[in-house]
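Have a look at the chain below, then work through the notes.

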Amino acid sequence: MLITDYIADPKGIIAEYAVQCGVKHAVIRLPDDGLFDFASLEHWKALYDDYSAAGLKPVAVEPLPNSLHNEIKEGGPGRDRAIETLIKMFAVMDELDIRVLCFNFMAYIGWTRTTAAFTERGGARVTGFKLSDFTPPGDFAISEDRLWENYFYFIKAVLPAAERHNIKLALHPDDPPLPKLGNVSRIMISFDNINRAVSGIESPNLGVTMCQACYRIMGEDLPRVIRHFAERRKIFFVHFRDVAGDKYDFHETFHDNGMTDMAAAMRLYHDCGVGREVPIRVDHVPAMAGEEIGNPGYDAIGRLYAIGYLRGLLEAVYGGGSGTL
Ligand SMILES: [Mn+2]
């Protein structure tokens with residue numbers, strides 16, 4: 001697989017660290033400030049140049065910007081306009097040879113944790129979630145049926161353009177994968193549901209972001225999930241991540257300190273034919289000693305260890321180290 005890192009700011013320290021660790025490809029987060037025009041090649045080129053100047057080639061976009069995606073997920077009045085913009089964005093991504101779009105289908109409440117300071121090994125701090133500590137952030141409600149309707153409405157509308165421009169739509173599981181948070185239903189919460197979402201309409205451009213730990217806390221059989229999606233060529237992107245606990249009560253861990261045999265997972269991707277071109281990135285790293293918790297799960301220093309660990313496993317399984325013996 002292709003080692004990448006998640007770089008929201010090509011001029012920031014995380015970009016510098018990644019490049020120093022030998023990472024040459026970036027998963028990029030688009031500015032969602034109302035000023036950046038997602039359909040403008042000119043805007044994209046300026047952003048692309050900043051990544052190039054840092055020594056990084058963008059290969060994936062994550063997530064689908066909220067200003068486009070919220071109404072699509074909620075089925076709001078602006079969804080058709082958002083879909084139109086997104087289709088134009090595919091043409092731009094095609095032009096810049098950015099092939100993967102990682103998206104999720106969590107309405108109103110996205111990635112959610114109840115603590116940013118769970119104590120992991122040696123006092124490192126990680127994020128955690130406990131359902132009994134969770135309070136809904138607002139008075140939102142949506143049903144499961146409505147979400148499925150909105151999901152397929154969206155997929156049917158964008159898939160022809162994704163195929164035409166060869167953009168791979170990589171569905172990320174809900175995190176945490178619970179059927180409901182407050183009155184907000186969630187649907188991408190099990191292997192069966194996600195399989196329905198990506199196989200309900202057959203397309204080589206519709207697949208998954210294999211966020212390992214999400215499947216793990218769903219209680220799914222991870223090897224079965226990896227084999228199933230890999231054999232159908234539906235793993236477009238991998239989030240390399242581990243956790244401890246279950247979907248009701250869990251915390252992130254160092255990559256070597258969770259419930260999963262990460263080396264075995266890597267061998268499985270390889271043996272099931274997940275190719276060298278498929279981007280992989282580390283996810284949710286601890287805040288380390290001397291480091292403020294700034295952006296929980298995405299602080300800088302913990303990434304160094306995580307990227308090194310990932311590179312070691314990639315080289316051991318996929319080869320590609322420098323030099324000769
Ligand atoms: Mn993830």
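Let's begin with Gly 320, which sits in the segment after α10. This is a predicted model, and in it Gly 320 has a relative accessibility of 66%, so it counts as exposed. If you hop from Gly 320 to Arg 146, you cover 174 residues along the chain, and the two C-alpha atoms are 46 Å apart.

**The metal site**
- Which residues hold the manganese ion? The protein donors are His 172 (NE2), Cys 211 (SG), His 239 (ND1) and Asp 283 (OD), and they lie 2.2 to 2.6 Å from the ion.
- Written as a sequence pattern, the spacing of these donor residues is H-x38-C-x27-H-x43-D.
- Two of them come from distant parts of the chain: Cys 211 is in strand β11 (residues 206-211), while Asp 283 is in the loop between β15 (279-282) and α10 (301-318), 72 residues apart.
- Cys 211 and Asp 283 are both buried.

- As a rule, nonpolar side chains in soluble globular proteins tend to be buried together.
- Here the largest nonpolar core has 95 residues, and Trp 44, Tyr 151 and Leu 169 touch the most other members.
- The biggest giver to this core is helix α5 (residues 144-164), with 10 residues.
- Zoom in on Leu 169 and you'll find contacts that include Phe 90, Leu 101, Ile 155, Val 158 and Phe 236, leaving aside residues up to four places away in sequence.

**The salt bridges**
- Side chains of opposite charge can pair when their charged atoms come close.
- How many salt bridges does the structure hold? There are 13.
- One of them joins Arg 303 and Asp 5, with the closest N and O atoms 2.7 Å apart.
- Arg 303 belongs to helix α10 and Asp 5 to strand β1 (residues 2-7), so this pair ties together parts 298 residues apart in sequence.
- Arg 303 and Asp 5 are both buried.
- Another bridge links Arg 99 and Asp 94, whose closest N and O atoms are 2.9 Å apart.
- Arg 99 is partly exposed at 22% relative accessible area, and Asp 94 is partly exposed too, at 25%.
- Arg 241 and Asp 175 also meet in a salt bridge, at 3.6 Å from N to O.
- Are Arg 241 and Asp 175 buried or exposed? Arg 241 has 0% relative accessibility, so it counts as buried, and Asp 175, also at 0%, counts as buried.
- Through shared partners, salt bridges join Arg 113, Asp 175, Arg 241 and Glu 252 into one network.

Technical notes. Residues are numbered from 1 along each chain as its sequence is written. This is a predicted model: local features need pLDDT of at least 70, side-chain atom pairs count only at pLDDT 80 or more; totals for chains, interfaces and linings use all residues. Side-chain values use heavy atoms; hydrogens and water are left out. Donors are N, O and S atoms within 2.8 Å of the metal (3.2 Å for Na, K and Ca); water is not among the atoms, so sites may look incomplete. Helices (H or I, at least four residues) and strands (E, at least two) are DSSP runs, numbered from the N terminus. Buried means under 20% relative accessible area, exposed over 50%, partly exposed in between (1.4 Å probe, protein chains only). A nonpolar core is a set of buried Ala, Val, Leu, Ile, Met, Phe, Trp, Tyr and Cys residues joined through side-chain atoms within 4.5 Å. Contact means heavy atoms within 4.5 Å. A salt bridge is a side-chain nitrogen of Lys or Arg within 4 Å of a carboxyl oxygen of Asp or Glu.
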